[in-house]
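The following questions and answers concern the model displayed below. Each reply ends on the value or name requested.

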Amino acid sequence: MLAFICWIALIAPAYAQTSVTTACTAQILKVQSTQGDADGRRPVDAKWQTVTLPDNWTSRWPDYSGTAWYRVDWQRQCINGQNQRSSPVALALESIVMAGEVYVNDSQIWRDKHLTEPLSRSWNMPRYWRLPETLLKDGVNTLWVRVIGVAGQTPGLGPVYLGELHATLQLYEDLQWQNRTLFVVNIVVNVVMGILFFCIWLMRRTQSEHGWYALMTLFWVLFASNVLATTPWPFPDSVMAAKANAVMAILYVASFCMFTWRFGGQSLPRIEKVMWTGAALLVVMLMVAPAAYLAGALGIGILIPAALFFINCLQFPFHAWRTRKTEHVILAGLLLFFFAVVLHDLLLLLKIIENGRAYSAISSIATTLAMSGILGLRHARNMRQIDRFNHQLEVGIGRARADLSATLEREHALALTNNRLQERLQIAHDLHDGLGGSLVRMMAMVQQADMPLQNQQVLSMLKLIRDDLRQTIDSGSSAGVKVPATPTEWIAPLRHRFMQLFDELEIDATWQLPAEWRTSPNALQCLTLTRLLEESLVNVVKHSRARRVEVRMHLPEYDVLVLSVEDNGVGFDVAAVRQAGISVGMRSMHARIIAIHGTLEVSSKTGRTALTATIQLTPSLAPQ
């Protein structure tokens, strides 16, 4: 493939010239060449020079761009006296670099469409004619070929074939197959494989070797299209087309190296940086090179990537030897084969090997298919790994589901147990805060009574205990009861129950509440405040020995409620009580206020104990 790159970039004609040997053949007597005028007229008094086809006039006329005429003198020779006119003659031209026209004796039989820039491109276009007898003469005939070429692109004339019809036609068809059809197949194969692996890369961006392979094939297709192009379009002239073609060759080699490195898992950041920097410099050099230096620029632009290509083909087998991976070994063998083919064709191109046939065209197709096969093998292996991983993942998920199911069952059992404990704790708090407070009040009333209680008084106490017990049992649904319309309605039952006890204990009680709710609390908040106040007042009766208690409620903000209870009792050590954890009432109050996302502050000293609860009145706290 690289030999083909050099061949295209330098636009070298084919390797031999001949006349087709048959029973009645045409013998080429001599081939001469001279420069021509831009007007296209055949030179009359010119100095003709003998040349050998294929011819590159750069060796005679360096830096010459323009018209050259080739004069091919020939005659028919028949064996055993056969009549010359009984054996028609055919003409085949392998290449005209770059455009031209053909005359037999004085008659024009063909010309390119464009003989001025943008020139037609006949450099890789074999042509065939059956020469009419009316144009031929007995004896020596002359074939005139006008060639319009550009310096730096090996301008000249390729091999000329004259001979019997069928033999020349077969030769032409062979040339057509080698110079055109093979490259059509090559381009089609590369396009298909490039699109396929580009799609694979789009689906799996981590497999960068597929992306580099697709990019490599893109540059190769653009480069190889030069073989089939008959005009320099979309470029304005042949020089610009040659530069662009050389740029495609440079980018192809760079992408090829990236593909092999990524495929082999090689990390060469410094070399990659140097390579792309060098490629950028070569591209700039080619783009700015003037036409007079085009040949040298093309040579440098091709030989440096060629050297990199050969080095890469030789280094990868050493890498494959180290990794011992099957796909690496296969690619290494392919690169060595590729190296041998390219080296053979380069030697043939440089005339170091005199006779032979170039294999780059056919080997490039085989190489493309082989590389695609290697990538396909890797992709198939990756897919098998993915399938195994998916299977393992499925098994793991099944196990995880079983473990999760068992864990959820344990969690459910723990949740049920926890709910039971919470319910018991709630009942304990309710019994302590509700029924316990009632018992404390009644015990205080019995102790303070001057005479035995009457049956009606005992019955009243028992009914009160019954009501508190019923309220405790129904506390799970108490959050759904109707909220009192005003703070006064909310505090009235509790105030009534404690004022009788305070009066008997000679405790002065003050109740300060707002007339209306600014934002109405929900049922759960009302119940919590009731229990909190009830427990606080019971503590005043049981422990404080206070002579005065103040209950205040105020609404400092639209949705904030503050409830405080203050007495002038003996006080207690708040920190010590919390640390000891011996106060069920204290823990109960904190638990209740936290449940409705409120805060509770307790401060105490001799002569003053204050409890302050603050809650946020938000609809989110209402039961759903």
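Q: How many helices and strands does the protein have?
A: The model is a predicted one, in which local features need pLDDT of at least 70, side-chain atom pairs count only at pLDDT 80 or more, and totals for chains, interfaces and linings use all residues. Residues are numbered from 1 along each chain as its sequence is written, and side-chain values use heavy atoms, with hydrogens and water left out. Helices (H or I, at least four residues) and strands (E, at least two) are DSSP runs numbered from the N terminus. The protein has 14 helices and 17 strands.

Q: What percentage of the residues of the protein count as buried?
A: Buried means under 20% relative accessible area, exposed over 50%, and partly exposed in between (1.4 Å probe, protein chains only). Of the 624 residues, the buried share is 47%.

Q: Why do helices α2 and α3 count as roughly antiparallel, and what is the handedness of their crossing?
A: Helix α2 (residues 165-203) packs on helix α3 (residues 208-228) with the axes 8 Å apart and at an angle of about 155°; this angle makes α2 roughly antiparallel to α3, a class that requires an angle over 145 degrees. The axes are lines fitted to C-alpha atoms over the stretch in contact, and angles run from 0 to 180 degrees between N-to-C directions. A crossing is left-handed if the near helix is turned anticlockwise from the far one by less than a right angle, and right-handed if clockwise. The crossing of α2 and α3 is left-handed.

Q: Is Ser-255 buried or exposed, and which residues does Ser-255 contact beyond its neighbours within four places in sequence?
A: Ser-255 is found in helix α4 (residues 238-263), and its relative accessible area of 0% places it among the buried residues. A polar atom of its side chain lies 2.9 Å from the backbone oxygen of Leu-251. With contact meaning heavy atoms within 4.5 Å, and neighbours within four places set aside, the partners of Ser-255 are Trp-212, Leu-215, Met-216, Phe-219 and Trp-276.

Q: Which residue joins its side chain to that of Thr-609 in a polar contact of 2.8 Å?
A: Thr-609 is found in strand β17 (residues 608-616) and counts as buried, at 11% relative accessibility. Residues that Thr-609 touches include Val-565, Asp-567 and Phe-572. A polar contact is a pair of N or O atoms within 3.5 Å; within protein, one must be able to donate a hydrogen and the other to accept it, and residues adjacent in sequence count only if both atoms are side-chain atoms. The side-chain partner of Thr-609 at 2.8 Å is Ser-604.

Definitions and conventions: Parallel < 35°, antiparallel > 145°, perpendicular 65-115°, else oblique.
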